[in-house]
Amino acid sequence: MPTTLQFLGLCLVAGVVLLFVARGGAADWRTAIDEPVGLAPDPATTPEAVVQVYAARTWGWRGYIGVHSWVAVKPAGAREYTVYEVIGWRLRYSNSALAIRNRAPDARWFGNEPSLLAEKRGPGADALIERIAKAAREYPYAAEYTMWPGPNSNTFTAWVARAVPELEVDLPPTAIGKDYLGDRIVATAPSGSGVQVSVYGLLGVTASVVEGLEINVLGLTFGVDPYPPAIKLPFIGRLGAGR
């Protein structure tokens, strides 16, 4: 009988093969499509406050390994969304990688379709938006960016998610950098619940009711989520029921 490790290994190999065969995205970043995919409520017809968290595969070969994530908000009555995200190449011409701008929250990221990770709408969402804005401006790594093991865009999203645990953000295992804690070793899990032990995002363990149990080895996440049941694998993401 195959062991659990053998089963996980087969799933990992099969998933990586499928990923390389099926992954889309643009061949040239200059011609990549960035149109919305219909996951965000139209602000013109949605008066209530909205908070959404997204992730999409990154551009080029990096997309086979990981995702870029961001946070989008629309206060009650607002006619457009504000998106908070960290973009590494901003440091080429600015002293901060943090971008706060108005754009379509569900736009493709260099041709890659985003996934909606979390959403809060209606009463109470405006208070969350204020806390998100505060957490974003207090992000301690805005002047630095490292694709692996962090800090990067996923480090930023995890920072905001910890500050606003009501969002219950379960960042995918492909969100490399989410476990980066800088000089700290112990913190709450990226979702803001449970606990995480991590050494510079290279080795660690996370346990919470949102993430389940995750093990991080060299920035690669392996995990099990008992409810809803799923396994988490590097390169592939979450296999099983969605949250």
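**View A. Arg 103 puts its charged end over the ring of Trp 70, 4.9 Å from the ring centre.** Sitting over a ring takes NZ of Lys or CZ of Arg within 6 Å of the ring centre and within 35 degrees of the ring normal. This is a predicted model, where local features need pLDDT of at least 70, side-chain atom pairs count only at pLDDT 80 or more, and totals for chains, interfaces and linings use all residues. Residues are numbered from 1 along each chain as its sequence is written, and side-chain values use heavy atoms, with hydrogens and water left out. Trp 70 also belongs to a cluster that ring pairs build together with Tyr 54, Trp 89, Trp 109 and Phe 110. Rings of Phe, Tyr and Trp (its six-membered ring) pair if their centres lie within 6.5 Å; planes under 30 degrees apart are stacked, over 60 edge-to-face, and the rest tilted.

**View B. Here are Tyr 139 and Trp 159, two rings that form an edge-to-face pair.** Across the whole structure, a search turns up nine aromatic pairs. In this one the ring centres are 6.4 Å apart and the planes meet at 70°, so edge-to-face is the label. Tyr 139 comes from the loop between helix H2 (125-137) and helix H3 (153-163), and Trp 159 from helix H3, so the pair ties together parts 20 residues apart in sequence. Helices (H or I, at least four residues) and strands (E, at least two) are DSSP runs, numbered from the N terminus. Tyr 139 is buried at 6% relative accessibility, while Trp 159 is partly exposed at 24%. For those words, buried is under 20% relative accessible area, exposed is over 50%, and partly exposed is in between (1.4 Å probe, protein chains only).

**View C. Tyr 141 and Tyr 180 make an edge-to-face pair as well.** Their centres are 5.5 Å apart, with 75° between the planes. Tyr 141 lies in the loop between H2 and H3 and Tyr 180 in the loop between H3 and strand E6 (186-187), so this pair joins parts 39 residues apart in sequence. Both Tyr 141 and Tyr 180 are buried.

**View D. Helix H2 has a buried face and exposed residues on its other side.** With 13 residues, H2 spans 19 Å from first C-alpha to last, close to the expected 18 Å (that is, 1.5 Å times one less than its number of residues). Its buried residues are Ala 125, Leu 128, Ile 129, Ile 132, Ala 133, Ala 135 and Ala 136. Down the helix axis they fall within an arc of 165°, so they line one face of H2; the arc uses the directions from the axis to the C-beta atoms. Glu 130, Lys 134 and Arg 137 are exposed on the other side. The buried residues of H2 pack against H3 and strands E1 (50-57), E2 (67-74), E3 (82-86), E4 (98-102) and E5 (115-121).

**View E. Val 71 sits in strand E2, buried at 1% relative accessibility.** Leaving out residues up to four places away in sequence, Val 71 touches Gln 52, Val 53, Thr 82, Val 83, Tyr 84, Ile 132, Thr 157 and Val 160, where contact means heavy atoms within 4.5 Å. Its C-alpha is 9.6 Å from that of Ala 136, a residue 65 places off along the chain.

**View F. Asn 112, in the loop between E4 and E5, is buried with a relative accessible area of 6%.** A polar atom of the Asn 112 side chain lies 3.0 Å from the backbone oxygen of Arg 57.

**View G. The loop between H2 and H3 holds Pro 149 and Pro 151, each reached through a cis peptide bond.** Omega is near 0° from Trp 148 to Pro 149, and near 5° from Gly 150 to Pro 151. As a rule, most peptide bonds are trans, and most residues other than glycine have a negative phi.

**View H. Leu 218 and Phe 235 both have a positive phi.** Leu 218, with phi near 55°, lies in the loop between strand E9 (212-217) and E10 and is exposed at 53%. Phe 235, with phi near 70°, is in the loop between strand E11 (229-233) and strand E12 (237-240) and is partly exposed at 27%.

Conventions:
Polar contact = N/O pair within 3.5 Å; in protein donor to acceptor, adjacent residues only side chain to side chain.
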